Structure formats: C-alpha cells, structure tokens
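These are my notebook entries on one structure. I record here what I looked up and in what order.

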Amino acid sequence: MRRAGVVVVGGGPAGMAAARAAAGCGVAVVLVDAGPKLGGQYHRQYGPADGDRFAEALPEAVEHLANATVWAVEPVAGAHRVHVRVGAVDDPSRVGRVLETRALVLATGAYDRALPFPGWDLPGVFTAGAAQALAKGQGVAVGDRVVVAGTGPFLLPVASSLVAVGARVVEVAEANAAVSGWAARPAGALAGWSKTGELVRYAGVMARHGVPYRSRNAVVAAHGSEWVESVTVARLDRDWVPVPGSARRVEVDAVAIGFGFTPQMETAVAARCRIVDGFVEVDAAQGTSVAGVFAAGELTGIGGADLAAAEGEIAGLAAAKRVGAVVDPPLRAMAQVRSGRRFAAALAAAYPVRAGWRGWSRDDTVVCRCEEVTKGALLRAVERREVGAVRSLKLVSGAGLGLCQGRVCGRNVAELAGVEDAAAFARRPIASPIRLSELAEE
Amino acid sequence: MRITVDGEEVEARPGQTVAGVLLGKGVKAWRTTRGAGRPRGLFCGIGVCFDCLVRVNGVPDVRACQRLVAEGDDIRSQAGAELPS
Amino acid sequence: MSRIGSADAVVIGAGIIGAACAEALSAAGLRVLVLDRGAAATGTTASGEGNVLLSDKAPGPELELAIASRRRWPELLTSLREEIGEAAEAEWEPKGGLVVATDEAAAAPLAALTAAQRAAGVEAIDLEPDEARNLEPHLTEAVRAAASYPGDAQLQPVLAATALLAAVRARGGEVRGGTEAHGLVLSRGAVAGVRVEGGTIPCGAAVNACGPWAGHFGIAAGAPITVMPRRGMVLVTAPLPPVVRRKVYAADYVAAVASSDVDLQVSAVVEATATGTVLIGSSRQRVGFDDALEVAVLRRLAREAIRLFPVLAGVPVMRTYGGFRPYTPDHLPVVGEDPRVPGLWHATGHEGAGIGLAPATGKLLADLLCGNGTEVDPAPFRVDRPGLLEEARA
Ligand SMILES: Cc1cc2nc3c(=O)[nH]c(=O)nc-3n(C[C@H](O)[C@H](O)[C@H](O)COP(=O)(O)OP(=O)(O)OC[C@H]3O[C@@H](n4cnc5c(N)ncnc54)[C@H](O)[C@@H]3O)c2cc1C
Ligand SMILES: Cc1cc2nc3c(=O)[nH]c(=O)nc-3n(C[C@H](O)[C@H](O)[C@H](O)COP(=O)(O)OP(=O)(O)OC[C@H]3O[C@@H](n4cnc5c(N)ncnc54)[C@H](O)[C@@H]3O)c2cc1C
Ligand code: FES
C-alpha cells in the first residue's frame, strides 16, 4: 500500500480543482476518477477523440488514475484507506490499488433525479444527464424526436446538446414556473450571473431552432410496447397536479427527464461524514465533520460547475495544509463560493420538486426499476406492516435492494412511503459493485 | 476496430462505449428484466442506474454506458439474471 | 390508531424476539405494548440472514429450543395467514441445509456431529461427495464429505418480525416506534411501569428484548445481565439465476459458532434468497459496537464462498451489511423472570440464531409469564444461571 499525500476522488470540476490546488503547494496528489478521461459531467470530453486535454494540463505532482473506481472507503487509525479497482469497467480483470491518506477530498458529484410516471421504464426514456452524456461523450443523439422534461436550468444545455448532435427537440417542458421563481430572489440570480449568461446563450439556440419552452408542463406518461412511441404532456397546477383536460399526445422516439440532482454520497457516508438535508455538511475550508475528509462540488449542494471548482480549490488547499503544506487563504475562491451558494439557494428555491408528482404514477407503475416494485405493492407493504424507516422499508417492499442500491428510486420511494430518513439509502459500504474474485484478492 | 454484437460483426472506434455503439446503430434495448422480462436499455447514462447491463466476453452485469469497447469484444444482450461463463 | 395508556405487558424492543414475545403474549390474551427506540425490525433483526437451523447445533438445550422453534415457525405463519392475511407473508422456505467438509480433517468431526444430532432427533443424512454434488451441482469438487439436513429452513427476518407485530396490532395491542425505555418504575420492589420520555407506562410486566443492547437496558432497569455484541458481516451478490439451492456451509462453521474467541472467525454460509441474490455470511468478531467497514473481513468471506462455489468468483457483490449478535458468556439465550426485580423478564442473548429461535422463545416466555407448563425445559435459560447476573452498578 502506498501512502499518498492527498487523495482526490472524482475528476469533475471540483476534483480537478482540488488536485491542482494541492499540487500547487508541492503536495503529491492521486486523483482517482471512474471515467476514461477527466472532466466529470460538465466538462465531459468526446470519447473517441485522441488525448485528454485536462489530464495533459495537470501539474506533475498529480498522478491521475483513470478508469479507476473507488469501491470502498475504510476508516483506519488517523487516516482513510481508499480501495480502488482500475481497468475495464465491471470486469473481473481490474487491478486493485489501495491508497492510504490523511487528507481525502471527496468530489463524486451528483446524478439526475428521475420521477416515475407510467411508461418511464420503457427504453427511450432517458435521464436528461444521459442525453447530455451521450451527446457530449459519444456524439450520439438519444432519438430523432425528443421531448426534454423536468425542472431547472439544466434542461437548456441538454436541449442544445441534443440539437447539436442532430436531434429535433420537440419541446422543453419545465414543471415549475421558472421566471417568477427567479424574480423572487434577485440577489441570488445576480450572484449567479455567469450562469444566467450561459442560459441566455442556450435560450438563443432554442430560439434559432424553434424549440418551444413550456413552463408548468410535464411528461406524465410514456407510451409504446417495446420502446417509447409517444408521450403525454400535461399542464400542471402549482403543486404539479396535472390540470384536467390539458393532456396532449406528442409523438417522439425519446424523452429526456431531469428533476434536479441527487449527490453521489456513498463514499462520504462510508467515511462517516455528517449529512444534513441530503448533502455533506462542510465548514468554510470544505472540511466535513470527519477530520481529514474534505468534500467539494455537488456533494455539498447543487450549484453548477463554477461553484464546484471554487469549492474544489479550497478543499485541495485545506487537504494540502493538513499534510503539512503552507498555504495562503484562497480569498478569491472563498468569495466565489459565497456568491455561488447564494445562487445555489436561489436555484433550489426556484426549481423545487412538488408533491403532485406522486400522482403521476399508477398502482401498476414500477417505482423501483431494478426490482420491478410497483407503487401499489410498495404502498400496500408500507400500510400492512407499518414501516417506519428506510432499512425495514427496503426489506419489506424490495424497493432499493437491486443493483443500483436505491440510487434511482431511493428518494422517490421514501417520499411515497412517508419515511423520513431518505439519506439512509446512501449507506452503500460497497460504493460500486465488485466481483467476488476481485474482493477475494483485495 | 471490430467487435461482435449478438454474434454479428460491428465496426467500432476506440473511446466508444458499448452503449454508444449500440445506440449509434439504433439499438434501444439490449436487456430484459428478471421479473417481467421487460426490455431495458440505457437510462442514466453515467453508471448509476444499472439498467444498461450487457454481457461482455462471457461476463454478465457489465454497464454498457460505462464500458469502453475493445478490439474483438463479444457483446451479448442479457436476459434477466445470468451467470458468468 | 389509538394509543394504549397502560398494558398488561410492555415489550421493550421490536426485533424478532420482542415481536415473537409480543405475539405469544397477545395470543394468551394479554394487552401488549411493544416499544422500540427506533422503528420496528431495524436492529439486529434487519441484519439476520433468516436461517432457521438445526444443523449448526450440537445436542443440548439450544438444540431443544431450536427443534421446538423449527416446528413452530410454519404452524405460526399458517395460523397468522388465516388471522391477518397477506401481512403474514414471510418467505418461509423449508429448503434444507447442506454442510460440507472440504478436507479429510473436517470429515470425521462432521460424521461425529451428525451421529449425535440423529440421537437427539434431528434428521441428518451423511452424504458421499457425489451425492452432495447432485444436490448442489455448482458445489466445489473439493468436497470430501457432506451432511444433508432436510429440516433446515429459511425465512425473511424483517417480513417475519413485521408479520408478528401485525398480529399483535390486530389483537388490540400497539407497536410504538421512536420511544426509548429509560428504565422501570417499581412498586414494592416489583415492576409497576416502564419509564419513557415524558412519563411512565403502567404495566404488570416488562420484557427486556433489547437484543445486543439488553445489557444496557438491564443496567437502566437496575438489573444488569451480561449480554454483549458479536459483530457479523454479510455479503450480498447481484441477483443470480438459481445456483445455490440449499443453505450450504463449511463444516468448520459449527466450530466458529461455538467459539468464544475474540478474534475474527470466518466460515462461509452461502444461500440464495427469494429475489435471487446470494447471501454470503458471516463473520464473527468481538469489537464492541464498532461498525466500521473492514475490507479484510469482506475478503475472507469472498474467499470462503469461492472455495465452496467456484462459479461465484465472477459474480458481482453489490452490498454488504452487518449487525451485532447479542451473546451471553455461555452462548445460551436468556428467557425468564429476573429474580431481583419481579415483573421484569428477559428474552435475549440469541446470538446468531435469534431468527430461528424466536417463536419457541416467545412461547416459552408467555407460558412462564402466564404460569403455564412449558414445552421445553426452561432451566438452562434462566436468568440466575452462573455468569449472567452482574452486580447492579450504582
Ligand atoms: C449526466 C450529467 C450531465 C451534466 N451536464 C451538465 C452540463 O452540460 N452543464 C452544466 O452546467 N451542468 C451539467 N451537469 C451538472 C454538473 O453535475 C455540475 O455542473 C458539475 O459537473 C459538478 O461538478 P462536480 O465536480 O461536483 O461533479 P462531477 O462533474 O459530477 O464529477 C464527479 C466525478 O466523480 C467521479 N466519481 C463518482 N464516484 C466515483 C467513485 N466511486 N470512484 C471514482 N470516481 C467517482 C465521476 O465519475 C465523475 O467524473 C450535469 C450533471 C450530470 C449528472
Ligand atoms: C450478520 C448476522 C447474520 C445473522 N444470521 C442469522 C440467521 O441466519 N439466523 C438466525 O436465526 N439468526 C441470525 N442472526 C442473529 C439474529 O439476527 C439475532 O439473534 C436476532 O435478530 C436478535 O433479535 P432481537 O430481537 O433480540 O434483537 P434486535 O433485532 O436487535 O432488536 C432489539 C431492539 O431493541 C431496541 N432497543 C434497544 N434498546 C432499547 C430501549 N432502551 N428502548 C426501546 N428499544 C430499545 C432496538 O432498537 C432494537 O430494535 C444473525 C445476526 C447477524 C448480525
Ligand atoms: S445507463 Fe445507468 S448505469 Fe448505464
């Protein structure tokens, strides 16, 4: 086992900034990322192109482990052991690597939240992030005629990426009434001006391609036998209950849905970081409740790539300091974080998920995709057995017990069942599946 | 490079994911569920949902959206739960 | 649902043992209130693999209790189904067990154990290696000897516990989560109530079914008993096609179960669940209530499982979880009234067998509490046996 200086998990804007900052203080850094190329979600690079522009620009003190999945974080005396498998994804031939560090930066990002509706398990229904990742990373459009639906400004870059790879975006359905939401918090909107600048650009793309943007609308059903052939789009009231008589059938061959993001929290939970309101709690130096563990980026709140990078810089410096480096306080990054957090709060307030979604699904709608647990079965189990916590909820209903370990269904299932400890779904000591033979050699 | 998908030869490029190749060919579903035998393909696209499982070189439960293709890969659709060969 | 103001019996702890005690007490006509500081069936019970075993027990009082319990589980679940319908579903599966010796050294002790178990009334069939591989086609070729136990069974612990609690509610009892018992209120030295946040629940009897925390509650109740946690971890594979049919484990497991070693003991117990996942248990370790992940333990489990079923090598592990088995110094459960505090009953210390032993434990406790005759001899489980009572700490 090698004792590294700083170990950074996640190679998105937060993780890359952390690695650069720590290396800038002369500390040896190992940057571990599951992807073949750095960049994370926002800066996703085109896979088939040669080279990795971010890896090439890294300081020499950073060792980048690509195709490297952290499957466990093990607390040991005064340090953490980061268990990594490196190689072809999900293949038993991966090679193990264990990094022990006193300064661990977690920057594992987030993934889209998808809400269930009848037909959401048909092929052709994608998350918005999937459409984005496929467009940016593979140059592939998920369909020819696509509806983008959900909530938040993220729908716009997704729609414009789809347009860029040749898809026709039939419409963008925003479940909230976005404009009034922004206006309600001018200070926050102002602080996130760079983001809104970006939004103006995307809005331009939408306008040029004649993509209608409809607020208070959502895809509430998808139809087809083997894959999506059409969707039902309905107008929503303030609580996201479909307005009677407003349903329209729209012919599509793909749907991209995204209702905000859920942080990818298992490594932070494994390191025993305190979680507050679904995010990792951090102090002004991005330190978590656990000494020697820092968190940055979407793990700590959803606020976009600039905020993630600023947090990453601070976390990287704090981690370097912990292993003995002398650092100057990153005043500029700290100011960026302050304003970025205001932006993030405004974002969260403007694009909430409203309870009406619970009525989009029917009794026979699958809510846990892995284990094919329907809403009806879930609610019956909860009622019959008076389930009061996530741990028993999973075991009496089967929801969240499949391969994704509740990543997709966890929050939805907890809300439908009325149990409050939704974050308990993030307790996944095995952060990513590992073959038994790999585990045997660890 | 050449790979095979359910026995049929397919042209692919380094840096493509298995899902990228399949969707690029217009294949939308390559797995069936264990319970109801329903078709599934890509959903989250970033490795979190495990909907896109596929069999690669005899090994099932491989995430097609994350796995990069390699020369000669034998890719097969997966029916429910399968054992490695 | 209406809240009970007072109860004939308050059961503290809504794990499988508390649930079984409450079920049996309410079947006897008592008004029962079950308290849990968390939610029902989220303690050790949520970690149990659900084996209902005869095979891992040598002749003695625990085997007696296990035989009674093995008989009772299916009867109880059948009668509950009539009473409360589908809420009684618990994935009961009388699948049988297979114990495997992979070297000559383990073969002879296994044969001796099966002979003794047969004498005690357990169906234990000695098998040749090829017979064992006929029963379990994916079993390692290294098998030297094996024993089949048709009586071993399996159920899903959380379903089972919640089914028992649903019956308690159906009979007018109450299950109250989020309520910690802080101690007892005594009247003339005997139990008059259970102390909870903001008040007292009057009752005639209190049952300490706090699992690995039973020692803590004993202290709070002024009647300490020696019950300690023994940590166990389990690996869960991705769902698989049928590959392991029975509950299969290595012959050295029996030795690990009975051992008092502080050090880590690992011997694989491999079984499939109703959803197709394969559970690989389990380790035994005395580390207090420390629940930190230890990769070394997982590695040992993985190796042991592959040793029994080489085909599992390429299968993904998607989850691991652990819990703390409540154990006593002599590895026997405690079921009975505390001689120091009349009205305080203990039902705990079932270590790695609480799921299997629950219904007979509940019945035994209810029979004792109601003054009925008992099916099994209660003496070995009594509270004042050597080593169990601790001096009340100030
Ligand atoms: C699919 C998707 C696409 C997005 N596209 C855009 C966009 O185009 N524009 C925009 O403004 N915002 C986009 N976002 C929002 C985006 O998440 C943030 O703006 C930004 O990327 C967050 O940065 P981060 O560093 O916190 O995390 P991320 O960029 O998400 O980076 C996290 C990194 O950690 C790695 N990782 C996670 N767990 C492990 C592990 N166990 N082992 C090893 N590595 C691990 C991941 O592979 C990933 O590379 C997208 C989000 C998603 C989910
Ligand atoms: C990994 C593992 C595998 C196992 N496999 C098996 C198996 O295959 N077969 C088998 O038979 N057994 C198995 N066991 C053992 C079995 O799980 C236990 O024996 C059994 O669950 C103990 O049940 P219990 O009700 O005594 O304890 P618990 O389930 O722990 O219940 C005790 C309850 O008391 C509550 N509590 C504690 N203090 C208080 C208080 N002061 N006030 C209110 N509530 C309180 C707790 O919240 C808890 O819910 C296994 C155990 C482990 C750890
Ligand atoms: S599409 Fe979700 S894991 Fe591949």
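How many positive and how many negative side chains does chain B have, and how far apart do the centres of the two sets lie? I found 12 positive and 10 negative side chains in chain B, with the two centres 8 Å apart. Lys and Arg count as positive and Asp and Glu as negative, while His and the chain ends are not counted. The place of a charge is taken as NZ of Lys, CZ of Arg, CG of Asp or CD of Glu.

**Basis of the entries**

I note that this is a predicted model, in which local features need pLDDT of at least 70 and side-chain atom pairs count only at pLDDT 80 or more, whereas totals for chains, interfaces and linings use all residues. Residues are numbered from 1 along each chain as its sequence is written, chains are lettered from A and ligands numbered from 1 in the order in which they are written, and side-chain values use heavy atoms, with hydrogens and water left out.

**Chain B as a whole**

I looked up the elements of chain B and found one helix and eight strands. Helices (H or I, at least four residues) and strands (E, at least two) are DSSP runs, numbered from the N terminus. Read from the N terminus, their order is β-β-α-β-β-β-β-β-β. The radius of gyration of chain B is 12 Å, close to the 12 Å that the globule rule gives for 85 residues, so chain B is as compact as a globular protein of that length. This radius is taken over C-alpha atoms, and the rule is 2.2 Å times the number of residues to the power 0.38. Along the principal axes, the C-alpha atoms of chain B fill a box of roughly 35 × 25 × 20 Å.

I then looked up burial: 62% of the 85 residues in chain B are buried. Buried means under 20% relative accessible area, exposed over 50%, and partly exposed in between (1.4 Å probe, protein chains only).

**Two aspartates of chain B**

Which backbone angle is positive in D6(B), although this residue is not a glycine? I found phi of D6(B) near 45 degrees. D6(B) lies in the loop between β1 (2-5) and β2 (8-11) and is partly exposed, with a relative accessible area of 45%. D61(B), also not a glycine, has a positive phi of about 65 degrees. D61(B) belongs to strand β6 (residues 59-63) and is buried, at a relative accessible area of 7%.

R34(B), L83(B) and P84(B) supply 63% of the area that chain B buries against chain C, more than any other three residues.

For chain A and chain C, 33 residues of chain A are in contact with 48 residues of chain C, and about 3,300 Å² is buried between them.

**Two places in chain C**

E86(C) sits in the loop between α2 (61-84) and β4 (97-101) and is partly exposed, at 48% relative accessible area. Beyond its neighbours within four places in sequence, E86(C) is in contact with R384(A), R385(A) and R81(C). My last entry concerns the peptide bond from G281(C) to S282(C), which is cis, with omega near -25 degrees; S282(C) is in strand β15 (residues 278-284).

Conventions: Contact means heavy atoms within 4.5 Å. Buried area is the accessible area (1.4 Å probe) that two parts lose on being put together, summed over both.
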